[in-house]
Structures are given as structure tokens and as C-alpha cells.
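User: Got a model to go over with me. Can you take me through some helix geometry and salt bridges?

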Amino acid sequence: MFEELIEKIKEYDSIVIFGHVRPDGDCFGAQVGLKEIIKDNFINKKVYITGSGLQEFFDLLDHMDIIDDKIISSSLAIMIDSSSLDRYEDQRFVLAKEKIKIDHHIKREEFDGLSYVIESANSTCSIIVDIVKEQNLKLNKKASTALLLGNITDTGRFQFGNNFSKMFLDASYLIEHDADMKAILDILNMSDENIVRFKGYIYSHYQKTQKGTIYLILDKNTLKQLNISFATGNEMVNTIGNIKGYPIWVFFTQNDDDSVHIEFRSNKYIVEPIASKRGGGGHAHACGCTVDKLDDNLVKEILKECDDLIK
């Protein structure tokens with residue numbers, strides 16, 4: 001299945017791996033893991049990862065590369081973990097000679113290039129594990145740890161997935177190849193006092209509909225007062241998840257430019273169409289979208305659509 005991907009990698013001396021905006025563990029893990037795999041198995045390849053990455057994992061895994069347009073224009077671009085081109089953080093992928101896509105989100109648009117979109121995969125890192133196994137590639141400790149990070153975070157620490165058997169088989173395979181699970185969990189479990197106070201705010205300010213949708217609206221002034229970044233606000237959506245009797249939870253987070261990112265989660269209902277209707281997407285039960293401004297009517301409309309799903 002992945003032979004053509006391997007042939008393309010062999011064809012290029014320079015490869016740039018692109019990730020999406022607001023990178024998560026699966027995005028960063030897939031970038032670092034694939035970079036290490038290519039360098040370890042295809043000698044003398046120059047491999048770069050672009051974007052902001054996950055700073056808290058830089059010391060454990062890798063830092064992001066700073067490269068100029070000239071490098072990209074002579075490279076193969078591998079696009080990681082995004083259903084649409086407009087969500088890639090570094091839009092210079094358009095300069096690359098060729099593009100390849102590896103993703104597990106619900107397909108939203110056609111891709112002009114070699115594409116491996118496996119919607120049933122638990123994570124993009126899981127697809128890369130499949131590539132390693134099928135092609136009998138070497139896997140060093142850093143690559144294994146990076147791929148395990150993606151498997152842990154995109155499954156909500158092994159709580160969600162399309163195939164639980166494969167989820168744990170992937171984890172076992174990576175740990176057998178020296179993935180440092182303890183180091184990953186030590187970082188993921190670390191919390192500063194500011195985040196603890198923010199969680200207190202979330203628990204005391206969330207709202208709920210009569211049908212069973214829990215939601216929180218975080219405007220930019222509130223985020224500033226709490227000393228919480230826009231990205232961190234988005235990431236905390238699962239703080240109000242899995243509360244008994246409330247199968248859908250939603251975060252509305254306002255950015256400095258007044259745009260609002262909306263994160264949807266559900267442990268039962270498919271919420272992705274609500275996000276895709278507004279130009280977003282993701283997974284069936286975990287997805288998001290961005291709108292131009294915070295509007296009361298839009299909030300009511302979205303909450304009604306969520307409530308309409310609940311039986």
C-alpha cells in the first residue's frame with residue numbers, strides 16, 4: 001500500500017514535513033516520528049519539520065526547523081494530519097515540487113498529489129506505524145516516542161478510537177521499540193498554577209442546555225484576565241467532558257482578532273457535520289471550526305443543532 005510513498009521519498013534529497021495550525025500531539029509526533037524514520041532508513045536525506053510544534057516536548061523530541069523558500073522549492077512536501085489545505089500552518093507547501101498527504105480526518109476536499117487518508121485510523125501516527133511495519137523500516141527511540149505521543153493524545157489517553165485492538169497493538173509495538181511512555185506522561189501530566197486556576201473558572205462558569213449540551217464562552221478579555229492564551233483555551237475543551245447526562249460539550253474561544261474558534265466533542269453523537277457546515281471539520285466525535293465573530297444568534301443556532309442530535 002505504501003510502496004509509492006517510499007519511492008517518492010527515495011526520489012528526493014530534501015523533504016519538508018508540514019503540520020497544521022495549533023499543532024497537537026498527533027501532528028507534532030507524526031512530524032518528528034516521520035523525520036526520524038526517513039533519516040534513519042534513507043541515508044543522506046535532508047529532512048525538515050516546519051510550524052510551531054509543541055514547545056513542551058522540544059527537549060524530549062526535537063525542535064522545529066527554520067528553512068527558506070529555496071529549500072522548500074527543491075523538496076518533496078509531506079502534509080501531515082489535516083483535512084484541508086487552508087489549515088496548514090506554513091502555507092509555503094505550495095512551493096514544493098510535489099506533495100504527499102497523510103491524514104486520518106474526514107475528507108473535506110480533493111488533494112492534488114499522492115494521498116493516504118485513512119479515516120478509520122486512530123491517529124496519523126498510527127498510519128505511520130503501519131508504514132513502518134509494512135515496509136520493514138528501522139524505528140529508533142526518538143521516532144517511537146514521538147509516534148506514541150500521537151497515539152496517546154489523539155485517543156484521549158486510550159479512551160477513544162475506531163479500533164481499540166489496534167490502538168493497544170500500536171502502543172505495544174512502539175514501547176517494544178523503546179518509546180519512553182513515562183517521559184511523555186510526565187510532561188502531559190504537568191500543570192502550573194495558572195492552569196489550575198483556569199480549570200476552576202471553567203468548572204464554575206460553564207453553562208448547559210435543557211437537552212444536554214454543556215458549553216463555555218471564553219471571550220478575549222476573560223482570557224487576558226486569566227492569563228490564558230487563545231490556544232490553551234481551545235485545548236481545555238475536555239475539561240467539561242463526560243459529565244453524566246451531558247453527551248455533547250462545546251467551547252467558544254475568542255481570539256485577539258475577534259474571530260472565534262469552536263471546539264465540539266461528544267461521547268455518543270456525531271458532531272462533525274456541525275463543524276463542517278461552517279468550514280471546519282475533524283473527527284466524527286471531535287472537531288472544530290472558526291467563525292468571524294462571537295454572535296449570540298450563532299451561539300444559539302449551534303447549541304440548537306447540538307441539542308437536536310440528542311435523543
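Analyst: Start with helix α2, residues 25–41. At 1.5 Å a residue, its 17 residues should span 24 Å, and the end C-alpha atoms are 23 Å apart, which agrees. The expected span is 1.5 Å times one less than the number of residues. Helices are DSSP runs of H or I, at least four residues, and strands are runs of E, at least two, numbered from the N terminus.

User: What should I know about the source?

Analyst: This is a predicted model; local features need pLDDT of at least 70, side-chain atom pairs count only at pLDDT 80 or more, and totals for chains, interfaces and linings use all residues. Residues are numbered from 1 along each chain as its sequence is written, and side-chain values use heavy atoms, with hydrogens and water left out.

User: How many residues of α2 are buried?

Analyst: 15 of its 17. Buried means under 20% relative accessible area, exposed over 50%, partly exposed in between (1.4 Å probe, protein chains only).

User: Switching topic. How many salt bridges are there?

Analyst: The whole structure has 18. The criterion is a side-chain nitrogen of Lys or Arg within 4 Å of a carboxyl oxygen of Asp or Glu.

User: Which residues does Lys-8 pair with?

Analyst: Glu-11, with the closest N and O atoms 3.6 Å apart, and Glu-98, at 3.0 Å. Glu-98 lies in strand β4 and Lys-8 in helix α1, so that pair ties together parts 90 residues apart in sequence.

User: Is Lys-8 buried or exposed?

Analyst: Lys-8 is buried, at 18% relative accessible area. Glu-98 is partly exposed, at 27%.
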